[in-house]
Amino acid sequence: MAKKLYVGNLNFNMTDDELEGIFSEFGTVNSASVVVDRYTNKSRGFGFVEFAEDADAKKAKEAVDGKEFGGRSLRVDEAKEPRESRDSSRSYNSRSFGSSRNSRY
């Protein structure tokens, strides 16, 4: 089963290939991607690495977490599942906004 890791505190010049290179010695990497800002196309300083096997991901996490690469100590943790979409049809009480005085209107 595939396991995805979050990798934080990346050097802002790190590429997807460099990220994959750091983790590939611990097992088969399905994907490695540095997250970039959609407007500036510059790194946001974190990324994700997906391993084919959970055991390989665990080994990589233990080995790489806290190690220095590119002048920065990497933070490695299991990636969290994406949040569920929020219901946009919530109804709000009009009195919950604005001043606490009762409105005559």
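Q: Where is Glu78 found in this predicted model?
A: Glu78 belongs to strand β6, which covers residues 75-78.

Q: Why is Glu78 called partly exposed?
A: Glu78 has a relative accessible area of 45%. Buried would need a value under 20% and exposed a value over 50%, so Glu78 falls in between and is partly exposed.

Q: Which residues is Glu78 in contact with, leaving aside its neighbours within four places in sequence?
A: Glu78 is in contact with Lys3, Lys4, Leu5, Tyr6 and Lys61. Contact here means heavy atoms within 4.5 Å.

Q: What makes the pairing of the Glu78 and Lys3 side chains a polar contact?
A: The distance between the two side chains is 3.4 Å. The cut-off is a pair of N or O atoms within 3.5 Å, one able to donate a hydrogen and the other to accept it, so the pair of Glu78 and Lys3 counts as a polar contact.

Q: Why is Asp56 called buried?
A: Asp56, a residue of helix α2 (residues 54-64), has a relative accessible area of 14%. Buried means under 20%, so Asp56 is buried. Neighbours within four places in sequence aside, Asp56 is in contact with Phe26, Gly27, Thr28 and Phe51.

Q: Which residues touch the most other members of the largest nonpolar core?
A: They are Val7, Leu19, Phe23, Val49 and Phe51, out of 18 residues in that core. The elements that give two or more residues to this core are β1 (3-8), α1 (16-23), β2 (29-36), β3 (43-51) and α2. In soluble globular proteins, nonpolar side chains tend to be buried together.

Q: How many aromatic pairs does a search of the whole structure find?
A: The search finds four.

Q: What makes Phe46 and Phe48 an edge-to-face pair?
A: Their ring centres are 6.0 Å apart, with 90° between the planes.

Q: Are Phe46 and Phe48 each buried or partly exposed, and why?
A: Phe46 has a relative accessible area of 19%, and Phe48 has 25%. Buried means under 20%, so Phe46 is buried, whereas Phe48 is partly exposed.

Q: How do you know that the charged end of Lys4 sits over the ring of Phe48?
A: The charged end of Lys4 is 5.6 Å from the centre of the ring of Phe48. The distance cut-off is within 6 Å, alongside a limit of 35 degrees from the ring normal, and the charge of Lys4 is counted as sitting over the ring.

Note on methods. Residues numbered from 1 in each chain as written. Predicted model: local features only at pLDDT ≥ 70, side-chain atom pairs only at ≥ 80, totals over all residues. Heavy atoms only, no water. Helix = DSSP H or I, 4+ residues; strand = E, 2+ residues; numbered from the N terminus. Buried < 20%, exposed > 50% of the residue type's maximum accessible area, 1.4 Å probe, protein only. Core = buried A, V, L, I, M, F, W, Y, C linked by side-chain atoms within 4.5 Å. Phe/Tyr/Trp six-rings, centres within 6.5 Å; stacked < 30°, edge-to-face > 60°.
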